[in-house]
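Me: I've got this structure open and want a quick walk through it. Can you take my questions as they come?

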Amino acid sequence: MATVTTKLYQEPKEELISGSEAIGIACALADVDVITAYPIRPYDTVMQYVSRLKADGAFDFDYIIAESEHSQFEIVKHASSVGARTFTGSSGVGWFYAFEAITVTAGLRMPVVAMVGNRALDDPGAFGVEHNDAMAVRDLGWHLYWVATAQEALDMALIAYKVAEDPRVLLPFALSCDGSFLTHSQAIVQVPSQDQVDKFLPAYNRGSLQLHPDNPITVAPQANEDWLMEIRKQTDEAMRRTPAVIKEVYAEFKEVFGRGDDSPFIEQYMCEDADVILVGMGTLAMPTRVAVRRMRETGKKVGFLRVKFFRPFPTEELQEALKGAKGIAVIDRDYSYGSPGYGGVLFHELRSTMYPLDERPVMLNFIAGLGGREVMVSDVEEMVETTQKAIDTGKIDQETTWVAVRE
Amino acid sequence: MATRSVEVVYRGIFQRTMARNIVRNIVFAARKDGKIGTAFGRYSDSPERNGIPAKQFAVVADTALELEESLAVYEASNVDVTINVDDAMCKGIESWAWYGLQPINELTRSGGTLIVTSRQDADSLLEDIHQKDAPYNLSIIPSTVSFSGLWVYKDDHTDMRVLGALCKACPELVSINAMLESIKEQTGSETKVASVQRAFDRFTSRLVEPGEGNTETPFSFDMPGWKTMEEGVVIRGLPEGGGFRGGEEGYQPGRSEVFKKWSTRSMRPVINFDTCIKCTLCWLQCPDESFDITPDGLYDANMESCCGCGVCEAVCPVPDCVTMVGEPEFNDNNSQWDAWTADKDTYNKWMTVLVDKAKSETRSHGFHHIGGYDEEIKAEEA
């Protein structure tokens with residue numbers, strides 16, 4: 001393992017960097033031991049950045065450029081089993097090519113941290129953001145977090161290691177970053193000092209599960225129906241334990257770094273007295289918040305709720321935050337062909353979340369921004385109008401609307 | 001309470017680092033003025049290709065909230081300053097991220113400024129720059145175009161001069177003092193600081209009235225919708241070619257009316273039809289099938305199609321039969337063969353002037369002069 005502690009940031013420093021570069025810096029501050037890579041846009045931006053840090057001698061780690069995404073994810077899984085802190089990532093169909101390795105990483109309880117530079121799935125080959133790529137791990141035991149800003153990318157990467165490596169959890173962590181809007185836009189980011197990070201993040205200790213000659217164990221033997229249910233239940237319990245760990249770690253983060261929201265799971269923007277609450281993930285928060293401010297100025301009671309953790313899904317927080325609204329407009333930057341009512345994935349999750357409530361708000365679904373198309377402030381205003389109409393008339397004309405699609 | 005934005009229009013890859021330097025230094029300097037900003041390249045321009053016009057942006061605001069307001073739109077509908085670092089792009093730009101030809105001043109706001117690095121004067125540039133309904137200022141930084149080879153950054157202070165001019169054009173964006181301080185901090189170079197100051201001091205601009213400029217309508221493209229597009233991600237091939245301009249003789253390939261690529265050109269081939277030996281190499285090697293075969297068996301470079309890569313010049317076995325000439329020398333895409341056929345003497349005189357000029361001017365962008373940059377560096381060191 002690399003033993004040189006990075007002293008890239010002796011003091012906290014302000015940088016002008018992209019979300020990808022912010023994650024690269026977080027890797028250095030977290031003293032990651034092994035990074036594997038295989039180029040695909042937009043994830044490759046983090047790959048380029050850590051390469052530069054290594055070339056400059058600023059960050060010492062084992063850098064393995066694999067021959068494919070599949071090997072890339074296999075290598076970090078194995079490195080993680082021997083106690084190395086690891087980082088990897090991909091985008092779009094590259095992430096899908098690694099899928100066999102991605103499923104086993106969670107199954108074997110390896111706390112790998114990966115960045116998904118969200119990208120539309122082929123075909124057609126497109127570089128822009130869509131959330132279907134990262135969402136494919138939603139049923140597999142990965143943490144899945146949607147980042148909105150470069151600052152949050154850096155902060156959450158540090159939090160991700162601490163949560164994922166917690167002995168109560170030991171589950172991998174995917175940081176979803178919208179291609180272009182996050183991966184390629186440079187913003188002012190406050191980078192903490194190495195001392196601050198060292199204070200917050202302990203070394204990765206896999207304990208008795210560490211594969212080592214002094215600790216002879218077999219990892220991943222074949223297991224049949226006599227074993228599967230129990231193994232799955234263990235992973236389930238780990239996922240059920242993680243929300244409490246996330247809360248704990250988030251509170252510690254806020255204490256050490258002096259930054260953070262009220263909740264690690266959701267961000268509420270002007271939701272308190274809102275009749276209509278817009279719900280979405282990732283960088284579309286920006287135009288949506290602006291739209292909410294503008295509508296508030298005209299007296300409309302509108303709010304925005306950003307879902308940050310998609311896994312574990314913050315069911316109770318969402319029920320609490322949304323139960324007072326008359327209408328909910330769910331913006332999906334993804335789609336599930338042939339799903340119930342032909343809707344997006346976030347919409348289905350939210351409807352399922354709201355079902356147990358006695359009084360359920362009107363729920364509408366808006367498919368927007370696929371393939372990186374911009375979600376405009378005017379689009380958001382239209383979503384609110386459509387939802388308001390459904391509230392006023394008590395009638396839903398159309399449950400799912402494709403926004404700004406050319407006919 | 002203010003937000004200011006700047007776009008840098010540049011040649012993909014050849015000028016990428018320079019564009020990045022400009023937008024990042026704007027944000028760094030504005031920070032010294034107590035402002036907050038962001039810098040980004042237009043994502044849909046990527047992956048950048050050699051010479052294809054691309055854009056990077058800098059947005060600066062007094063507060064984070066104002067910055068968010070402005071960033072709610074990824075590509076601004078108007079900017080305070082447009083910076084064009086290759087005057088050939090004054091003819092308009094057809095980028096990966098844009099369908100049809102976008103006038104260079106499309107986003108320049110009313111009363112804003114278009115800064116161009118050029119050896120031409122304002123009147124000459126305005127023959128190319130499309131007219132607008134609103135007035136704006138045109139500022140020229142007297143300069144040859146700063147080009148280097150593939151991925152190479154030519155550190156000739158063009159970025160510094162642009163930054164100095166920018167502080168004069170839009171002091172609300174960033175003050176000259178903040179810029180000087182920031183450049184010193186970022187580069188540690190006193191000569192760079194001097195370049196910024198000098199460009200600031202020498203800044204001039206001229207008001208461009210509404211309606212002044214090129215009156216041509218830029219070509220455009222209406223995108224079909226999901227009901228009218230073919231299913232299965234299919235694009236129909238272009239119709240096959242036929243005789244030269246629809247006639248019986250010669251040959252002309254089918255070409256797209258809506259995707260032309262010529263704004264990628266910073267140089268164009270000029271043909272000496274009298275010395276052409278009809279060897280076919282230019283026609284054969286042209287990656288874009290831009291040569292039309294004339295009825296008399298000559299090869300006419302079609303300027304609606306040519307992206308100016310210079311392969312024809314490189315493969316032509318006859319000295320000076322194909323010469324790459326700087327694009328700003330031309331004001332139209334008319335056929336050279338037509339001009340030559342109409343009046344050979346006039347054409348040849350015109351051609352000779354251009355060829356001589358091309359030899360004395362370095363307007364290289366990579367392939368055209370492989371190793372050219374190395375030679376230049378050596379010459380400078382000598």
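This is a predicted model: local features need pLDDT of at least 70, side-chain atom pairs count only at pLDDT 80 or more; totals for chains, interfaces and linings use all residues.

Me: What ipTM and pTM does the model score?
Reply: The ipTM is 0.91 and the pTM is 0.93.

Me: OK, chain B overall. How many helices and strands?
Reply: Chain B has eleven helices and eleven strands. Its radius of gyration is 22 Å, close to the 21 Å that the globule rule gives for 382 residues, so chain B is as compact as a globular protein of that length.

Me: And what does the C-alpha trace of chain B span along its principal axes?
Reply: About 70 × 65 × 40 Å.

Me: Let's do helix packing. At what angle do α1 and α5 of chain B cross?
Reply: Roughly 120°, with the axes coming within 8 Å. Here α1 is residues 16–32 and α5 is residues 176–187 of chain B. Angles from 65 to 115 degrees would count as roughly perpendicular and those over 145 as roughly antiparallel, so α1(B) and α5(B) are oblique to each other.

Me: Left-handed or right-handed?
Reply: The crossing of α1(B) and α5(B) is right-handed.

Me: Which residues meet there?
Reply: From α1(B) you have B:Asn25, B:Phe28, B:Ala29, B:Ala30 and B:Lys32. Facing them in α5(B) are B:Ala178, B:Met179, B:Glu181, B:Ser182, B:Ile183 and B:Gln186. By class, that contact of α1(B) with α5(B) comes to six nonpolar, three polar and two charged residues.

Me: Over to chain A. How do α1 and α7 pack?
Reply: Helix α1 (residues 19–29) and helix α7 (residues 150–164) of chain A pack at about 30°, and their axes are 8 Å apart. The cut-off for roughly parallel is under 35 degrees, so α1(A) is roughly parallel to α7(A). The crossing of this pair is right-handed.

Me: What's in that contact by class?
Reply: Eleven nonpolar residues, one polar and no charged, for α1(A) with α7(A). On the α1(A) side, A:Gly19, A:Ala22, A:Ile23, A:Ile25, A:Ala26, A:Cys27 and A:Leu29 take part. They meet A:Ala150, A:Ala153, A:Leu154, A:Ala157 and A:Leu158 of α7(A).

Me: Switching to the interface. How many residues of each chain are in contact?
Reply: 20 residues of chain A are in contact with 20 residues of chain B. On the chain A side, β8 (185–191) and α10 (285–297) each supply at least two residues. That side of chain A divides into ten nonpolar, five polar and five charged residues.

Me: Last one: what's the phi of B:Lys261?
Reply: Positive, about 75°, although B:Lys261 is not a glycine. You'll find B:Lys261 in the loop between β7 (206–208) and β8 (267–271) of chain B.

How values were computed
Residues are numbered from 1 along each chain as its sequence is written. Chains are lettered from A and ligands numbered from 1 in the order in which they are written. Axes are lines fitted to C-alpha atoms, for helices over the stretch in contact, and angles run from 0 to 180 degrees between N-to-C directions. Helices (H or I, at least four residues) and strands (E, at least two) are DSSP runs, numbered from the N terminus. A crossing is left-handed if the near helix is turned anticlockwise from the far one by less than a right angle, and right-handed if clockwise. Two residues are in contact if their C-beta atoms, placed from the backbone, lie within 7 Å. Ala, Val, Leu, Ile, Met, Phe, Trp, Tyr, Cys and Pro count as nonpolar, Asp, Glu, Lys and Arg as charged, and the others, Gly among them, as polar. The radius of gyration is taken over C-alpha atoms; the globule rule is 2.2 Å times the number of residues to the power 0.38.
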